[in-house]
Amino acid sequence: MVKYIIKRIFFAIITLFCIATITFALMKALPGDPFQNPKMTTQLRQALLQKYGLDLPVPQQYFKYMNNLVHGDLGLSYKYVNRPVSQVIKTSFPKSFALGWRAMAYSSIFGILFGVIAALKHQKAPDYIIIFISIIGVSVPSIVMGPLLAYYFGVDLGWLPVTVTDSEVSMILPAFTLGLGTLAFVARLMRSTTLEVLSQDYIQTAKSKGLSTTKIVWSHVLRNAIMPVISILGPSFAAIITGSIVIENVFAVAGLGNYFVSTIIAQDYSMTMGITLFYAILIIVSLLLVDITYGLIDPRLKISSKGDE
Amino acid sequence: MTYLKKKILEVKDLQVSFDTYAGEIQAVRGISFHLFEGETLAIVGESGCGKSVTAKSIMRLNPEPPARFKSGEIIFNGEDIVTKSKKEMMEIRGKNMGMIFQDPMTSLNPTMTIGKQIVEGLRSHKNNLSKEETHKIALDMLKLVQIPNAEKRFAEYPHQFSGGMRQRAMIAIALVSNPQLLIADEPTTALDVTIQAQILELMKDIQQKINTSIIMITHDLGVVANISHRVVVMYGGKIVEYADTNELYYNPKHPYTWGLLSSVPRVDIVKTGNKLSSIEGTPPDLFAPPIGCPFADRCEYSMKICREKMPPDFIISEGHGSACWLSHPAAPKVATPSLFIGLNETAQKRGEN
Amino acid sequence: MDKIEKSQFEHVGKNLEAAQSIKRPSMSYLQDAYRRLKKNKPSIISFWILVILIILAIIGPMISKGLYGHNYRVQNLNIQNQTFILSNQRSLKLSSNSVFEYKRYKPNLRKTELKFKKVELKGQSGKLGFIVGDESEESYQGDKKEYKLQITTTSSDDWDSIINKLNVESETLLKADPAFRGVTFKKSGSSLVIETKGDKKFNNEYWLGTDNFGRDLWTRLWEGSRVSFIIAIVSVLFTGLFGVVYGGISGYIGGNSDNIMMRIIEILMVIPDLLYIMLLSIVLPRGITTITLVLAFTGWMGTAILVRGEVLRLKHSEYVLASQTLGADAKRVIFKHLIPNCMGPIIVNMTMMIPKMIFAEAFLSFIGLGVPAPYASLGVLVNDGAKIFYQYPHLLIIPSIVLCLIMLAFNILGDGLRDSLDPKLRK
């Protein structure tokens with residue numbers, strides 16, 4: 001198992017390295033630098049360029065870039081002096097995270113729950129309802145779902161607030177919309193893995209021991225059916241991150257996603273790349289964590305070092 | 001030697017069907033047999049003859065839609081299994097009846113330790129055992145099924161066991177609560193021959209120690225000869241012949257049994273033309289089973305009446321019956337194929353009889 | 001035992017034909033898959049829905065062009081934001097109010113109805129006024145008229161009398177204009193509802209209404225569907241092409257080259273799609289080709305892995321060995337023998353990718369990197385509609401329905417294809 005974990009970490013580091021390099025290369029391909037302000041004198045410009053090392057030959061810039069990265073410096077905005085990317089992230093990311101983890105939590109828990117229920121009541125009413133919900137969740141994008149839900153629950157019925165503040169209640173709609181796609185996907189996957197597990201022979205053995213249905217589901221079905229679901233939690237997290245870009249716009253959240261879109265419109269490309277890099281790092285780290293969790297849970301990986309066939 | 005034996009299980013005219021989209025499959029079409037305490041009964045037959053369904057029906061393990069008890073009784077310990085509720089069955093399973101299955105790899109939960117899977121069986125029924133006591137009993141069980149290094153193996157996972165050891169673990173799981181009846185559904189089919197022999201020896205050994213009654217489902221006549229006291233032969237959802245094991249092997253009366261016995265490859269008997277013989281044809285379709293004897297179309301001795309009327313059980317001798325019109329007193333005399341006459345003589349010469 | 005006649009014991013013997021009759025006809029793999037697919041009702045329905053949508057995408061704009069000369073960019077600022085069901089469209093606004101307190105009120109929402117929620121009378125005298133219509137806007141009658149409706153109340157007025165006053169005022173004021181049949185007021189629960197009367201009729205020239213620039217929605221919808229379909233299908237085809245070639249070669253060659261190729265893909269796959277999309281979209285000029293390339297790039301790795309898996313599985317089949325013995329080179333073996341035999345999973349994979357591509361295109365439009373204006377795509381339409389959903393819902397709902405139908409249909413069809421092409425489920 002330790003071997004497995006080390007391998008995954010190593011892999012993640014290589015990937016991060018590749019991403020940073022690609023990003024750097026593309027940034028250099030774009031025109032511009034942070035000090036385009038026409039009001040600036042040439043000397044000041046030169047001084048600043050020198051200070052930030054932007055007049056050095058490209059390979060040296062590369063090393064400086066990588067060095068900066070390791071220390072958490074993701075670069076500067078090209079449009080607004082004195083606005084480093086990392087600062088922007090620090091202020092706006094917490095709001096995104098607040099929505100993101102809630103969405104992740106509810107969608108995975110309920111996704112698993114619904115999936116198991118659908119499988120246990122296969123081809124009866126609850127199964128069809130849950131399948132229907134998952135199809136909707138997968139086919140209706142958040143761009144559509146967001147405004148719809150906001151309108152009906154927020155404006156028409158007035159049950160829930162539409163803009164996001166610090167209150168828990170105000171986060172219900174956006175978090176719900178954000179997690180809907182993941183909920184649908186997880187429920188569907190869980191349903192099919194649970195159905196598969198239920199048809200396995202060891203479930204029959206469990207029945208022959210006289211175990212009750214609850215006990216069988218809890219001790220035998222869940223542990224085995226959940227494995228594939230855990231491995232998609234990583235990519236689901238990535239989807240929630242990208243999804244937050246849309247949700248933050250629809251529900252007017254002052255988070256990183258919203259800011260991200262504005263940098264594109266403003267053509268502040270270095271900021272865009274900086275934020276993208278941050279997202280990429282986030283995603284890779286979460287994939288790594290999921291991989292590690294999987295390695296800890298699956299006994300076949302746990303004990304692969306001990307003697308067996 | 002006759003002595004008074006207690007009847008553990010009595011199956012009377014059991015009929016089980018499956019309701020599917022395409023219609024009703026009559027898997028078991030009226031069978032009756034019984035089982036005494038401490039004995040092993042083998043149920044033999046081809047795939048699809050209904051033996052697995054019968055075995056599972058005793059424990060009500062067939063999913064109840066689509067399976068349906070059309071009629072009949074299964075009397076276990078004086079009570080009819082067919083009428084029991086789900087809760088009552090859960091009590092009986094594991095405690096009074098245990099079952100082992102064909103493929104030990106897929107029949108064990110890959111993410112749970114063997115020890116836990118044994119203990120689970122104990123803890124699911126009401127008893128006043130503490131955690132330590134259940135642990136000890138489970139450990140003793142592992143030792144009983146002759147798994148070496150039991151303490152270490154207790155905390156291991158199925159994928160760390162070999163095939164034979166897994167099957168032993170299954171036996172431990174099934175017998176941990178000391179059930180009166182053990183149903184074995186083709187337990188040796190997935191194992192190689194040497195391991196097969198070991199498992200059968202183990203089962204006989206345990207039977208002597210704790211007096212379990214065993215129902216052995218198999219299609220392998222070698223296994224039958226090795227372990228069972230009595231045999232029931234099934235075909236097309238019905239019992240075609242039943243007898244004590246020795247009697248069946250040396251004095252079979254049903255053409256299907258003849259076919260089965262003659263298709264066993266034997267080194268000591270030279271067959272005509274040195275060919276492996278097999279029974280031509282395939283078992284009947286249980287959607288629309290024939291009205292007469294199910295074996296008629298494949299039987300070279302079949303007669304007009306065979307296709308028109310289902311043959312009743314003809315008693316050949318005590319404990320030996322054959323459902324075949326050839327056993328009717330008015331039927332033409334058919335000589336048992338030479339194979340067995342020779343067998344009998346050879347056996348007598350060797351003094352086995 | 002009952003008596004049995006002698007003749008019954010007549011010897012008959014075996015009847016192997018009956019014993020061996022196989023009850024089902026044998027079928028080839030494709031025939032069986034096709035039969036199973038046909039039985040799957042949701043898949044068949046999805047298939048026909050897609051056919052209808054594609055046909056509409058092709059001929060829809062042609063129809064409206066022929067009839068009315070619409071295309072996706074003609075603007076008619078006089079008729080902005082009309083819906084497809086016109087009903088005496090006039091805007092409705094509150095102009096002066098000292099008579100009641102209300103909780104919620106949606107101005108100009110659909111121009112047929114105005115609702116005030118949780119209304120309570122203040123119980124004093126005051127003025128209550130509404131404006132019906134808007135001089136600056138052309139209504140469907142083709143006029144630009146505005147009517148002011150005002151009443152005064154006294155402290156003794158209750159709801160019934162106020163409503164009565166309002167209705168009377170409305171009648172007299174608007175009697176002069178026969179084309180405009182007036183406004184009715186009524187109380188519904190704790191809400192005050194104001195409706196413009198009149199027949200509802202379908203918008204003749206603009207079948208689905210117009211958007212905020214006065215462009216015909218029907219035309220833009222189907223032009224947009226065309227673009228979305230093309231982007232999705234072409235990018236999936238490219239994905240298939242790259243994926244099949246890469247995966248096929250990697251799987252066939254095996255050994256170290258395969259290992260290296262797979263490592264490369266693993267790293268490429270872990271990198272989030274977002275990064276690719278951003279990188280490529282920023283550097284390349286905006287347009288349909290860029291989008292297609294970008295989307296294709298995010299998908300080919302999955303296909304490659306799938307194809308490689310299939311090739312590995314089939315590599316050691318007998319027909320491959322036979323072909324190689326006869327001297328076929330690698331290219332021939334891969335493309336003539338291996339690939340055709342794993343078309344099943346490849347087709348399923350490609351079908352399921354199409355909705356992902358359509359969704360990705362919508363996402364690109366959202367962040368501003370999609371199809372440039374004034375071209376339309378479903379993503380563009382949905383995004384534009386989402387912006388003014390509260391006021392003109394039809395601009396979001398109609399494109400959304402088409403978008404969701406396409407995604408739904410492809411998803412269900414893909415599911416059905418997967419089930420029917422899976423040899424393990426062969427009945």
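Guide: Helices (H or I, at least four residues) and strands (E, at least two residues) are DSSP runs, numbered from the N terminus. On that basis chain C has 13 helices and 11 strands. The model is a predicted one: local features need pLDDT of at least 70, side-chain atom pairs count only at pLDDT 80 or more, and totals for chains, interfaces and linings use all residues. Residues are numbered from 1 along each chain as its sequence is written, while chains are lettered from A and ligands numbered from 1 in the order in which they are written.

A residue is buried if 20 or more other C-beta atoms lie within 10 Å of its own, exposed if 12 or fewer, and partly exposed in between, with C-beta atoms placed from the backbone. Of the 427 residues of chain C, 39% count as buried. Two residues are in contact if their C-beta atoms, placed from the backbone, lie within 7 Å. Among chain C contacts between residues at least 6 apart in sequence, 68% join residues at least 24 apart.

Next, the neighbouring strands. Two strands pair if DSSP finds at least two bridges between them. Strand β3(B), residues 40-44, runs parallel to β9(B) and is joined to it by 4 bridges. Within that pairing, B:V44 has B:V233 as its bridge partner. Strand β10(B), residues 238-244, runs antiparallel to β9(B), with 6 bridges between them. There B:K238 stands opposite B:Y235. A hairpin is formed by β9(B) and β10(B), with 2 residues between them, and B:G236 in this turn has a positive phi of about 55°.

Positive phi also occurs elsewhere in chain B. Most residues other than glycine have a negative phi. B:N77, not a glycine, has a positive phi of about 50° and lies in the loop between β4 (67-76) and β5 (79-80) of chain B. B:N77 counts as partly exposed because 14 other C-beta atoms lie within 10 Å. B:Q146, also not a glycine, has a positive phi of about 65°; the residue is found in the loop between α4 (131-144) and α5 (150-154) of chain B. With 16 other C-beta atoms within 10 Å, B:Q146 is therefore partly exposed.
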